[in-house]
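My entries follow in the order of looking.

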Amino acid sequence: MTALDFAPLLAPGLPPPAVKFNGFPKYNFTGGHNDGEQVPLDLIVKAANDVLTREGRTLATYGLESGPQGYRRLREFLAQKLKRTAGITCAADEILITSGSLQALDLVNGILLTRGDTIVTEAETYQGALNRWTRLGVNAVGIPLDGEGMRIDALATALDDLKRRGIRPKYIYTVPTVQNPTGTILSEARRHDMLRLAEQHGVPIFEDDCYSDLIWDGQRPPALHALSRHGGVIHIGSFSKSIAPALRVGYIVADWSLIARMLAIKTDAGSGALEQMVLGEFCPAHFDTHVPALTRGLRKKLETLMDALNEQFGTAAEFEDPKGGIFLWVKLPDEVDTLKLYQPALAAGVAINPGPEWTTDKAYGKSRTRLCFANPSHEAIRAGVAALAEVCRREFGVPNRIANVERVRA
Ligand SMILES: Cc1ncc(COP(=O)(O)O)c(C=O)c1O
């Protein structure tokens with residue numbers, strides 16, 4: 001019997017098929033993985049045991065007797081944590097728990113965007129957000145950043161220009177607190193300026209704050225949501241970066257009128273219950289001690305990465321020391337095309353994220369790469385950067401000095 005051919009039956013407009021997972025490469029600098037050594041396993045095991053023993057029978061209901069917005073104890077923890085750390089005043093009823101903040105992106109996009117719409121974003125930004133706009137047929141206008149985050153002068157110009165053309169963007173998407181991929185933090189003054197511009201133009205702000213717990217000195221400006229006077233900010237966050245991404249728990253903070261619209265398109269009848277219960281049990285007691293320890297460990301890994309790059313690439317690798325997070329955004333010499341570096345690097349066991357996948361301006365991203373340092377060990381970081389330098393030199397002739405030894409081009 002010949003197998004049924006599904007190809008003619010597939011819905012039109014599907015994205016390209018996924019690549020099969022064949023295990024992680026030896027030196028994995030891609031994605032947003034966390035540090036396995038730092039997952040607070042014993043406490044998570046205990047939290048799971050305690051919460052299930054106490055409340056496990058609520059698993060018999062959709063939504064754990066907390067309703068469709070997610071486990072109430074977790075939402076209550078979030079309401080007080082967001083007040084304390086980000087200055088956000090919200091009730092548990094203004095929080096919707098999602099399956100990772102990726103689902104939060106989908107829900108916000110789902111209620112606001114339609115084909116042909118325009119949004120405004122940092123020009124260097126999260127690939128998951130960029131891919132969604134492409135897939136939805138939405139035009140993303142990129143605003144350049146500097147060391148303090150999105151440039152407000154450029155934002156003002158872009159908003160004026162769009163207005164002249166009769167276009168009202170659906171939102172300004174920003175990762176203001178440890179930006180992905182640049183690691184910058186939008187200063188408080190700029191936050192006020194951004195809010196003022198957004199208000200003037202009648203445009204909401206979509207604030208994605210998933211890295212805001214991972215700041216080296218623990219200091220963060222208040223969230224845009226906290227500073228807004230006209231309620232035009234939708235705020236999302238995640239436990240992926242502060243605890244573990246495989247849990248798939250994120251959240252949205254928004255006015256109930258918007259949550260009500262999002263719930264109507266959140267068709268999974270609630271996000272996974274066990275992970276919400278475990279976090280609801282773990283976080284009130286341990287979040288505040290876990291996060292600084294995690295952050296200290298991440299900072300050490302970043303230092304190993306920056307040292308390794310300096311040693312192996314010398315001046316050929318340029319980067320700013322980020323304010324926190326799990327990524328280093330690296331500029332290689334102009335002749336390097338990181339999309340073309342990707343495959344030979346992978347063949348040598350090194351996985352990197354090519355810059356064009358993280359930028360609205362692909363030419364700007366060409367010689368840039370994003371390196372995630374959270375998951376590989378210190379030794380793997382050093383060995384991986386050395387291997388990357390070898391491949392880069394073979395393919396593009398740079399760096400011509402590796403570990404201070406000059407190489408003659410073959
Ligand atoms: C800016 C940003 N938003 C959202 C996400 C999605 O994360 P998750 O779905 O794991 O919460 C990521 C993941 O890397 C991210 O970098």
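I took helices (H or I, at least four residues) and strands (E, at least two) as DSSP runs, numbered from the N terminus. The model is predicted, so I kept local features at pLDDT of at least 70 and side-chain atom pairs at pLDDT 80 or more, while totals for chains, interfaces and linings use all residues. Residues are numbered from 1 along each chain as its sequence is written, and side-chain values use heavy atoms, with hydrogens and water left out.

Entry one, charge pairs. I counted a salt bridge when a side-chain nitrogen of Lys or Arg is within 4 Å of a carboxyl oxygen of Asp or Glu. The structure holds 29 of them.

I looked up Arg 393 and found a salt bridge to Glu 390, with the closest N and O atoms 3.3 Å apart. Both residues lie in helix H12, three residues apart, about one turn of the helix.

Asp 93 pairs with Arg 72 at 2.8 Å between the closest N and O atoms. Asp 93 is in the loop between helix H2 (72-86) and strand S2 (95-99) and Arg 72 is in helix H2, so the pair ties together parts 21 residues apart in sequence.

I also noted a salt-bridge network linking Arg 54, Glu 55, Arg 73 and Glu 281.

Entry two, contacts. Which residues does Leu 305 touch, leaving aside neighbours within four places in sequence? With contact meaning heavy atoms within 4.5 Å, I listed Phe 29, Leu 328, Leu 371, Phe 373, Ile 381 and Val 385.
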